[in-house]
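The following exercises are to be worked through with the sequence and the structure at hand. Each task is followed by a solution in steps.

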Amino acid sequence: MTDQQIVEQINRSLAEEFEFDIEEMTPETTLFQDMGLDSLDVVDLVIVLETAFGMKIREEEAIRKIVTLGDIHNFVIAKKRQTENA
Amino acid sequence: MLLKRVVITGMGAISPFGRGVESLMAGLLEARSGVVQVPALAEIVGMRTRVAALATGVDPMEIPRKHRRSMSNMSVYATLACQDAARMAGVGEAELGSGRLGVSIGSTTGSPQTMQEFFRDFNSDNSLERMKSTLFFHIMNHSCASNVAQVLGVTGRILAPAAACSTSCQAVGYAAEMIATGRQDLMLCGGADEFHPLTSGTFDIMNAASKAFNDSPSCTPRPFDRDRDGIVCGEGSGILLLEALDCALARGADILCEVTGFATNSDPGSIANPNAASLANCMRQALDDAGLQPEDVDYLNAHATATEQGDIAECEAIGQIFGPETPVSSLKGHLGHAMAASGTLELAACVEMIRRELLIPTLNLEHVDPRCSGVSHVQGIVKRPVETILKNNFALGGVNSSIILRRYK
């Protein structure tokens with residue numbers, strides 16, 4: 001997958017799960033403040049990403065530092081590349 | 001005996017006839033059937049019944065995702081019905097968040113649909129890694145009561161009685177007792193259930209589900225009829241807003257009706273089969289609670305689900321106490337059996353029968369089973385003043401319940 005395809009897949013998956021308007025999703029969008037997610041949603045967000053990309057990320061320390069949608073894009077892209085190069 | 005007078009100031013209904021008590025009454029008064037064919041039932045090995053009474057007129061998207069994520073259909077039904085009941089009663093944020101308003105809403109089980117989805121996934125690889133954070137809130141036994149309280153901002157007591165078909169009758173009775181003893185001033189109470197093949201299957205394997213009318217669903221169930229062949233399962237929610245009379249008067253609320261008596265008892269003779277003596281005891285206790293004699297009751301709204309054992313035992317019990325004159329009907333012919341919701345959907349209709357001064361007949365009752373002939377069956381709409389109604393609900397598990405409503409004076 002290209003980086004752009006990964007970004008689009010993330011946005012589609014999160015839009016479906018959390019009923020977001022995909023047009024309003026930008027890399028600067030914050031998960032808690034702009035998108036209104038809470039701690040329960042973050043648990044489900046991890047499941048959505050794990051299911052969409054077939055990877056395990058629940059125990060990753062970096063997950064706890066995510067603030068924006070762009071952080072998710074970068075995290076998943078890095079994780080995918082790391083997996084591909086392993 | 002209720003120590004304080006308890007009245008009804010709001011009602012909500014989600015039924016096969018749509019959302020709202022007006023829709024419910026329109027279906028009942030037009031003698032419509034809410035029963036439809038459910039093709040998915042035909043795909044289940046061993047399932048013989050193919051019909052159900054499914055709720056209509058519900059848009060779950062009305063509820064914000066933040067609240068909806070913790071709900072299965074039964075909580076959606078309960079929430080929308082509670083919003084309607086509160087609106088009808090003129091109850092807003094001040095009362096809902098006062099701590100003086102509580103919730104008493106039950107269901108037969110937590111969401112069977114969510115449980116099915118979880119175990120289907122879990123059993124595929126014995127993994128919890130795909131389990132959503134909100135799963136528990138769908139399947140906990142107090143799912144409906146808690147979800148209602150979350151959406152409406154209720155800060156008072158939460159009670160979630162569970163007694164299958166007696167659930168909402170008990171929910172109303174226990175709520176009335178809480179108000180009568182001064183513990184709460186207002187209670188949103190009732191029941192909700194969502195249709196799932198497990199419910200139909202439960203009755204089907206006991207040979208108590210209707211299967212002879214799969215191609216003519218509007219002809220079943222047939223309470224008290226000689227050709228009846230069992231229950232048709234349904235779904236929905238019925239909600240009553242109960243209120244202390246002094247509270248309702250102080251608010252200037254429109255008072256719809258009064259709850260004057262309640263009884264519930266256990267029948268340890270059988271976990272499945274009703275017993276006429278035990279049913280009769282329950283009705284007598286409700287009459288005692290209301291300080292009434294049998295002749296004071298103008299109409300009896302029966303549980304009568306169209307099973308062989310239930311209809312006959314209930315008629316025997318009614319006949320013992322009320323004799324052959326008191327009018328009797330069941331609304332299961334229209335609504336099917338909405339399980340935990342049935343009691344309060346039918347109570348809402350009873351309130352309207354008092355207000356509109358009429359009796360609604362048993363749909364599909366064409367030829368009274370001779371074994372059910374000891375009572376006076378209502379077989380067409382009867383226009384007459386109705387002051388006092390006794391309403392029954394009897395449940396698997398040996399749980400009987402009766403409520404008495406009276407015109408508010």
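Two residues are in contact if their C-beta atoms, placed from the backbone, lie within 7 Å. The model is predicted: local features need pLDDT of at least 70 and side-chain atom pairs count only at pLDDT 80 or more, while totals for chains, interfaces and linings use all residues. Residues are numbered from 1 along each chain as its sequence is written, and chains are lettered from A and ligands numbered from 1 in the order in which they are written.

**Exercise 1.** Determine how many residues of domain 1 of chain B are in contact with domain 2 of chain B.

*Solution.* Step 1: an automatic or database domain assignment supplies the bounds; in chain B, domain 1 is 6–251 and domain 2 is 262–406. Step 2: 62 residues of domain 1 of chain B are in contact with 52 residues of domain 2 of chain B. Step 3: on the domain 1 side, α8(B) gives the largest share, eight residues; helices are DSSP runs of H or I with at least four residues, strands runs of E with at least two, numbered from the N terminus.

**Exercise 2.** Describe how α11(B) and α12(B) cross.

*Solution.* Step 1: the axes, lines fitted to C-alpha atoms over the stretch in contact, with angles from 0 to 180 degrees between N-to-C directions, come within 8 Å and cross at roughly 50° for α11(B) (residues 276–290) and α12(B) (residues 308–322). Step 2: α11(B) is therefore oblique to α12(B), since angles under 35 degrees count as roughly parallel, over 145 as roughly antiparallel, 65 to 115 as roughly perpendicular and the rest as oblique. Step 3: among the residues making the contact are L279(B) and M283(B) of α11(B) and A313(B) and I321(B) of α12(B).

**Exercise 3.** State which helix of chain A gives the most to the side that touches chain B.

*Solution.* Step 1: seven residues of chain A are in contact with five residues of chain B. Step 2: helix α2 (residues 39–53) of chain A gives the most to that side of chain A, with five residues.
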